[in-house]
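Grab a pencil and work through each solution one step at a time.

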Amino acid sequence: MKITKIEKKKRLYLLELDETEKLYITEDTIVRFMLSKGMTISEKELDEIRQFAQFSYGKNLALYFISFKQRTEKEVRDYLYKHEIESTIIPKVIDNLKADKWINDRQFVISTVEQNLSSGDKGSFVIKQKLMQKGISSSTIDSVLADYDLTEVAERIAQKLLRKYDGKLAFKALKDKLSQSLTNKGFSYQEAKLAIETLDLEKDEETEEELIYQELEKQYRKYSRKYEGYDLKQRLTQALARKGYDFDAIRSALRDYL
């Protein structure tokens, strides 16, 4: 077979053989096989050209994808599959990129954890969950997380949450809210407990009284339409207890309000 045309087409080149067969190849393929117009090639050489062109194109696609931000092996693999790179070629591209340090799942975990340490708000459980969704193995994640202490992150987020909820919730409800919010962000119960202990938390009786009356008024408007007497009192008691107020405070408030 004779090469009858090599023509630039955007990022690829059109290779024409015997003016009938056409193949799109990369510039690297031309250089590797020293292709030129008029050159004669065998079927075996053509197959090698096809294989390398697909590998080269796949690698170029992957490098383009990686150029925007760091990617995991699974993300690159899925990207190549989406762009219809042959399934037999994808592992070769991945291995080549890993050998050249373009893909490194352990380094991806390290970068993620360190970014979280400096400005993030996640605990190890959520970090691990998100990284596993990106295809990184549990063992790789665990081995990296074992080298880091997220105590400062938990304390930073506890302070932020306190500023958000302080003066808006009953003292008990405030502590429960802080603990729940921290565990929802991936911190263990013990990490949340220790972070909350570092806060300057003190029950303010005046604020507590103001809040319970505000809540009582709100709940009264809700339940007084349907209930009265003992039933109303029970509904109000249960509603205030759910909001974190202790029963002595509830009884005192109800005595004054009803």
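**Exercise 1.** Work out how the axes of H2 and helix H3 are set relative to each other.

*Step 1.* The axes of H2 and H3 (residues 73-82) come within 10 Å and cross at roughly 125°. Axes here are lines fitted to C-alpha atoms, for helices over the stretch in contact, with angles from 0 to 180 degrees between N-to-C directions.

*Step 2.* That angle makes H2 oblique to H3; under 35 degrees would count as roughly parallel, over 145 as roughly antiparallel, 65 to 115 as roughly perpendicular, and the rest is oblique.

*Step 3.* Now find who touches whom (contact means heavy atoms within 4.5 Å). From H2 come Gly 58, Leu 61, Ala 62, Tyr 64, Phe 65 and Ile 66, and H3 answers with Glu 75, Val 76, Tyr 79 and Leu 80.

A word on the model: it is predicted, so local features need pLDDT of at least 70 and side-chain atom pairs pLDDT 80 or more, while totals for chains, interfaces and linings use all residues. Residues are numbered from 1 along each chain as its sequence is written, and side-chain values use heavy atoms, leaving out hydrogens and water.

**Exercise 2.** Find which element gives the most to the lining of the largest pocket.

*Step 1.* Strand E3 (21-25) and helix H2 (43-68) each supply at least two lining residues.

Notes: Helices (H or I, at least four residues) and strands (E, at least two) are DSSP runs, numbered from the N terminus.
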